[in-house]
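Me: I am new to this structure and would like to learn how to read its features. Please begin with the terms.

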Amino acid sequence: MLKIYPIIAAIGLLITVVSVFKKSPFFNFLGLLTLIYGLLKSAGLFMPPFPGQVITMYMAMSVFSLFIYFSIQEKTFEAFLEPMRAVLADDNKLILRILIVFIAIPVFAGYITYEKVKPNYEPPVSARIVHPEPVSSIEFRGKPITIIGLENPLRKDTANFEKNFEAGKKIYYQNCFYCHGDDLDGRGHLSQGYNPVPLPFRGTDTIAQLPESFVFWRVAKGWRGLPSGSGPWNSSMPSFEDFLTEDEIWQVIIFIYEATGNKPRS
């Protein structure tokens with residue numbers, strides 16, 4: 001498909017050259033736009049292709065700049081408008097007027113609109129495990145920990161529960177809210193940069209369905225602990241055992257459950 005764009009650029013160059021000799025600013029305008037579009041798309045043959053939005057921006061700037069260029073001088077601008085005036089007003093161009101105004105332009109506008117709004121039914125590249133099975137045990141900083149049946153030890157310390165909650169809150173806003181959001185809704189200001197996006201802790205379909213031991217495993221090991229079936233992903237969830245102690249992870253787990261009103265699944 002990319003090989004067609006050099007041909008489009010060559011056609012644009014040919015129109016540009018011929019229009020210069022014919023002294024037709026309007027077709028010179030069209031030729032230059034065709035040439036620029038063909039060159040921008042042809043870049044994909046030699047380097048990563050430009051994003052569609054970048055090409056749209058360049059084309060909009062090109063249209064604006066060329067229009068200014070061809071409208072600076074009154075004589076040139078009159079020559080620029082002449083083909084359009086002739087198609088719209090001359091009696092001997094009735095058929096051409098019908099073809100362009102009533103058929104070609106509406107069909108082209110309809111095609112562009114359809115391409116923008118048509119639903120995309122492309123299947124995912126591969127199936128992905130969203131909620132992987134927890135591992136039975138992990139090694140946390142060299143210490144073996146059995147995940148199955150593990151409970152949050154800080155919940156039994158009722159005398160210091162509020163203190164642990166506040167400590168977890170501080171840890172969350174120092175490490176987690178960038179992605180999981182100020183409101184724990186998964187809408188942190190970095191969230192849209194990842195695939196899949198960070199999970200929200202609010203609601204009843206994420207941490208409310210999980211025991212705290214599962215959350216401890218996910219926080220401690222991050223994306224490196226995920227099985228291969230959970231890919232492809234572009235997650236930057238770090239392995240927090242590199243930054244937080246065991247108690248600090250339990251504290252932040254207390255915070256996300258209590259702040260969202262969820263209860264750990266037993």
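Reply: A residue is called buried under 20% relative accessible area, exposed over 50%, and partly exposed in between (1.4 Å probe, protein chains only). This is a predicted model, in which local features need pLDDT of at least 70 and side-chain atom pairs count only at pLDDT 80 or more, while totals for chains, interfaces and linings use all residues. Residues are numbered from 1 along each chain as its sequence is written, and side-chain values use heavy atoms, with hydrogens and water left out.

Me: Is R155 buried or partly exposed?

Reply: R155 counts as partly exposed, because its relative accessibility is 23%.

Me: How should I read a salt bridge?

Reply: Side chains of opposite charge can pair when their charged atoms come close. A salt bridge is a side-chain nitrogen of Lys or Arg within 4 Å of a carboxyl oxygen of Asp or Glu. By this rule the model has 8 salt bridges. One of them joins E258 and R155, at 3.2 Å from N to O. This pair links distant parts of the chain, 103 residues apart: E258 is in helix α9 (residues 246–260), and R155 is in the loop between β2 (143–146) and α6 (161–175). Helices (H or I, at least four residues) and strands (E, at least two) are DSSP runs, numbered from the N terminus.

Me: Which residues are linked in a network of salt bridges?

Reply: The network links E82, R85 and D90. Within it, the closest N and O atoms of D90 and R85 are 3.4 Å apart.
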